[in-house]
Amino acid sequence: MFKFGQHVIRQRTVFWESALSYAFVNIKPCLPGHVLISPRRVEPSFTGLTDEETTDLFKGAKLVSTVLKEHYKTESLTLVIQDGVDAGQTVPHVHVHLLPRIPGLFCCSSEKFLLYINIS
């Protein structure tokens, strides 16, 4: 099991892990394929990560992004970090949202805006 802020993430939802990070299925996805990657150490702020944690987190995000692009047959992804309450962070543990973007999924800018509201 992994700690994710105040939550416990069960091993069965974790599909990638390294010594410092892990990726898991989002329990409230905004879009198909919406996953999260987080450092193992509970740290609320992005700037509180060590250089090693930051490097590992983004290496993992790059690897998971490649798999998502292949699986969803897309060339586009949205990667988001909400760092702090005013940025919409609801779990006090750094995490990157990875959302594969499928052509034609959004037809107008108001739907794009709602995506970011839902991430919050």
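Predicted model: local features only at pLDDT ≥ 70, side-chain atom pairs only at ≥ 80, totals over all residues.
Residues are numbered from 1 along each chain as its sequence is written, and side-chain values use heavy atoms, with hydrogens and water left out.

Within helix 1, the residues Glu53, Asp56, Leu57, Gly60, Ala61, Val64, Ser65 and Leu68 are buried, a term that denotes under 20% relative accessible area, with exposed meaning over 50% and partly exposed in between (1.4 Å probe, protein chains only). The cover over these buried residues includes strand 3 (14-17), strand 4 (21-25), strand 5, strand 6 (76-80) and strand 7. Just after helix 1, Lys73 adopts a positive phi of about 50°.

The largest nonpolar core comprises 12 residues, including Trp16, Ala23, Leu49 and Leu98; such a core is a set of buried Ala, Val, Leu, Ile, Met, Phe, Trp, Tyr and Cys residues joined through side-chain atoms within 4.5 Å. At least two residues of this core are supplied by each of strand 5 (35-39), helix 1 (51-72) and strand 7, and the largest share, 4 residues, comes from helix 1. Apart from this core lies another, of 8 residues, among them Phe4, Ile9, Val14 and Phe24.

Pro100 is located in strand 7 (residues 96-101) and is buried, with a relative accessible area of 0%. Beyond its neighbours within four places in sequence, Pro100 is in contact (heavy atoms within 4.5 Å) with residues including Leu31, Pro32, Leu68, Tyr72 and Ser76. Pro100 and Ser76 are 24 residues apart in sequence, while their C-alpha atoms are 6.2 Å apart in space.

Ser38 belongs to strand 5 and counts as buried, at 0% relative accessibility. Its side chain makes a polar contact with the side chain of His93 (3.0 Å), where such a contact is a pair of N or O atoms within 3.5 Å; within protein, one must be able to donate a hydrogen and the other to accept it, and residues adjacent in sequence count only if both atoms are side-chain atoms. Residues up to four places away in sequence not being counted, Ser38 also touches Phe4, Tyr22 and Leu57, among others.
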